[in-house]
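We will go from one selection to the next.

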Amino acid sequence: MGMPYNAQLQGKLRHTRQVLSPFGKGQQITWLEPFSSPQTAFRNKAKMIVSGSKKDIRLGLAPTSKHPRGVDLEDCPLYPESIRAAFAPLRDYLTRLGVRPYQIEADKGEVKNVQITSNPEGELMIRLVLRSKAALNRVKNTWAELREVLPHLEVFSVNIQPEHAALLAGQEEILLSDERFLKMPGVGAELRLAPNAFFQTNTAAALTMYQQAATWAGTIQPQTAWDLYCGVGGFAFAVGSATEAKVTGVEMAGAAIEGAKASASESGGEAHSAKDVPENGQTLVESTPHFITADATKWIKNQKHLETPDLVVVNPPRRGLGSELAKWMEKSGIPHVIYSSCYQPTLVSDLQRMRSYRLKDARLIDMFPHTRHVETVVLMSKVKGK
Ligand SMILES: C[S@@+](CC[C@H](N)C(=O)[O-])C[C@H]1O[C@@H](n2cnc3c(N)ncnc32)[C@H](O)[C@@H]1O
C-alpha cells in the first residue's frame, strides 16, 4: 500500500485517458468523475490457500522458501471485519476435522483452499475446496458446527478439485446449506450469488458501474438491450431499472444464470422468457430481464432472425471480446454500446476492431486499489454513415 491513494488514482486516470483518447475520433470524450474506492475493507471475497499442518492451519498465501508454512491473511486490511472474523473459526474447524492441508510439491493432503464471500450485511458464503471426496462425509456431518460460531453463514459448499494444478476450483460443486445464493446488492434488483458464480470483488465499485450503466441507458431509452457476459445480471437489472427495454442477459456459467433467474422472479417474474403467464397473478414487469446460458459469441451469431438491439452492454473477462465478437459488433448496426472492461489492453484491441464507434463518455472505476488494475466503463455510439 506504498503510494498515497490519490496519487494511485491520478496515475491510473492519466494512463486511461491517454490510451482511450484516440477513440474519441477527434471529438472530446466526456470524462466522468472517477470512482475512488474505500482504501481498506473493500474486498468482498477472500480466496485462501490452506497450508501449514493438520494441527497448525494457515489460511492465506501459499508457502514459499521464506515462509514454508504459508502466510495467514487474517489481519489483511483489504477484507471487511465480517470476513476476517471467519478466519479463526475456520482454522479451528479445519483442525477439528483433522484433514491434512494439500501440499503442491508432494501432491498430498486433502484441503486445498477456502473462499469466503461477504455481503455488506456481513452475511457469509463459504466454499471449501477439497482434493477428493475422501473427507466429504466428515464435512457433511460437521459443517453445521461452523454455523454455531458464524451465525451469519448463509451458504456453504464443498468443491472437488482433483487436479494437480494451480486451479482454485474444480467442476463439481456440492452445496451443503439449504440456502443456494448469497444476496448481494444491485441496481434495480437484489442479486443472487452462487458459490461457483462470478461477482465483482469490490461491491461499492460494482454498484457504481451498474448505476452508471443505468444512467446512460436512461438517456438512450432503448427498446431492446442485451447484457453480454452478464454474470448474475448486474448490468441487465440496472438497464431494466432505468428503461422500458426488453433486456436479455447472456452468460456461459449456468450457476450465475440460475442466480440471475432467481433475482428476476423475485423482482416481478421472468417476464420475457416466460411463455406461460404466471398463475400467481404476478404483474409482468416489462423491463424484467430474461437470461440465457450460452457462449456470447455463439449466441450472437444465431441471432440473425432477431431485431438489432438499441443498446448492448458487454463486460467480458480479461481476454476481452476477441476478434470474432468485436467484428460482429462492428458490422451489426447496434447504435449504442456500453463496454465495461477490467483490462485495458484488450479493451483497446477490441475498440480498434470497432472503428465505426465513437467513444463519448468514459469513467474510471477503481475496483482494485493498491494494484495497477482498474475497471473502465465507456459509452460508445455508432458514427452515422459508417
Ligand atoms: C467480468 S465477468 C462480468 C460478470 C457480470 N457482468 C458482473 O458484473 O458481475 C465476466 C463473465 O463472463 C462470463 N463468460 C466468460 N466467457 C464467456 C463466454 N464466452 N460467453 C458468455 N459468458 C462468458 C464469466 O463466466 C463471467 O461471469
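**Stop one: a helix and its packing**

Select H2 and show side chains: Ser82, Ile83, Ala86, Phe87, Leu90, Tyr93 and Leu94 are buried in this helix. Keep in mind that this is a predicted model.

Now look along the helix. H2 covers residues 81-97, 17 residues in total. From first C-alpha to last it reaches 25 Å, close to the expected 24 Å. Stop at Phe87, where H2 bends by about 25 degrees. A proline, Pro89, follows within four residues. Step just past the helix to Gly98, which has a positive phi of about 70 degrees.

**Stop three: the annotated site**

Select Gln200, Tyr229, Glu251 and Asn315: an unreviewed UniProt entry annotates them as "binding site".

Start with Gln200, in the loop between strand S10 (191-193) and helix H5 (203-220). Is Gln200 buried or exposed? It counts as buried because 23 other C-beta atoms lie within 10 Å. Beyond its neighbours within four places in sequence, Gln200 contacts Ala205, Ala206 and Met367.

Move to Tyr229, in the loop between strand S11 (224-228) and helix H6 (234-242). Tyr229 is buried too, with 21 other C-beta atoms within 10 Å. Leaving aside neighbours within four places in sequence, its contacts are Glu251, Ala296, Val314, Asn315 and Pro316.

Terms used: Residues numbered from 1 in each chain as written. Predicted model: local features only at pLDDT ≥ 70, side-chain atom pairs only at ≥ 80, totals over all residues. UniProt positions renumbered as here; feature names shortened; annotations may be inferred. Helix = DSSP H or I, 4+ residues; strand = E, 2+ residues; numbered from the N terminus. Buried ≥ 20, exposed ≤ 12 C-beta atoms within 10 Å, placed from the backbone. Contact = placed C-beta atoms within 7 Å. Expected span 1.5 Å × (residues − 1). Bend = angle between axes of the 7 residues up to and from the residue.
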